[in-house]
Amino acid sequence: MLHSTDKKRPVRTADGSVTLYSERFDECYHSTRDGALRESLQKHILPAFSLLPPKEEITILDVCFGLGYNSWATLYHLWELPSPRRVTILSPEFDRELVASLERFDYPPEFEPLRPIIEAVSREGVYEEERFRIEILFGDARKRIPEIDRPVDIVYQDPFSPKKNPLLWTREYFAKLRRIVSDDVIVTTYSSATPVRMGLYENGFLLYEPPSEGVRSGTVASLRPLNLKPIDMELKKRRNPAAASMRDVDFL
């Protein structure tokens, strides 16, 4: 499904930035309590870039694009930094109508320097210059993600919640992610739900409490040890033998 009849309405969040409420998913695109901009920076961008080893070229998977806050906040964060030399952001999104509306969206003033980029992505679905490339992968994320032909260094795991959009949180979905990521990958997500953590863990990811400040805690995942507080999933299983990942068979 590439077009949406989903009705949406603007909602102002705690940090003053605006998000949307989706009737289809019965959820806002961002935490109204944490704030749309603050959530993107504190739960995704700042943790990811503080933990990723220095690289000249970085590929980011932003799941899903939505209002684009994670992608715009990435550019906002990196705008005046001398490195990395090249950043590619790939972002699956099924709602073409939403993307086409973003050139008129009420973004926070921090994104004003990005206005030409926002307009280009809204109109064309892609923006490219010497240092940055953003491409919307229109369609079903579960189909588009396996098509990515380069190692992904950062994953912003940011779809609607497991209760509302479960097929982007299952063990099988995380297996698709595992096959395309680099050895240094950093995965960030707002979810701390046990089934989500189990799905990541069962695919070989190490799990950690994130270093985010001023927002509710989520999860950081990696394939290598990090200097963060680890989450002991074996202890979790011993304490709760019923703890299990979400599976495709339950939702397809």
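Q: Is Ser191 buried or exposed?
A: This is a predicted model, where local features need pLDDT of at least 70 and side-chain atom pairs count only at pLDDT 80 or more, while totals for chains, interfaces and linings use all residues. Residues are numbered from 1 along each chain as its sequence is written, and side-chain values use heavy atoms, with hydrogens and water left out. Buried means under 20% relative accessible area, exposed over 50%, and partly exposed in between (1.4 Å probe, protein chains only). Ser191 has a relative accessible area of 5%, so Ser191 is buried.

Q: Which residue's backbone nitrogen lies 3.3 Å from a polar atom of the Ser191 side chain?
A: Ser191 sits in the loop between strand S9 (181-189) and helix H7 (194-201); helices (H or I, at least four residues) and strands (E, at least two) are DSSP runs, numbered from the N terminus. Leaving out residues up to four places away in sequence, Ser191 touches Pro162, Trp169, Val196, Gly218 and Thr219, where contact means heavy atoms within 4.5 Å. The backbone nitrogen 3.3 Å from a polar atom of its side chain belongs to Ala193.

Q: Within what arc do the buried residues of helix H4 fall?
A: In H4 (residues 115-124), the buried residues are Arg115, Ile117, Ile118, Val121 and Ser122. They line one face of the helix, because seen down its axis (going by directions from the axis to the C-beta atoms) they fall within an arc of 160°.

Q: Which residues on the other side of H4 are exposed?
A: The buried residues of H4 pack against helix H2 (69-78), helix H3 (96-101), strand S6 (126-128) and strand S7 (132-138). On the other side of H4, the exposed residues are Pro116, Arg123 and Glu124.

Q: How many residues of strand S5 are buried?
A: Both faces of S5 (residues 86-93) are covered: one side has Arg86, Thr88, Leu90 and Pro92, the other Val87, Ile89, Ser91 and Glu93. The strand is largely enclosed by the rest of the structure, because its buried residues number 8 of the 8.

Q: What is the bridge partner of Val87 in S7?
A: Two strands pair if DSSP finds at least two bridges between them. S5 runs parallel to strand S4 (residues 57-63), with 5 bridges, and parallel to S7, with 7 bridges. In S7, the partner of Val87 is Phe132.

Q: Which strands stand at the edges of the open sheet of 3 strands?
A: The sheet has the order S1-S2-S3 with antiparallel pairing. S1 (residues 8-12) and S2 (residues 18-22) are joined by 5 bridges, and Val11 stands opposite Thr19. Each edge strand has a single partner strand, so one side of each is left without a neighbour in the sheet; these edge strands are S1 and S3.

Terms used
Polar contact = N/O pair within 3.5 Å; in protein donor to acceptor, adjacent residues only side chain to side chain.
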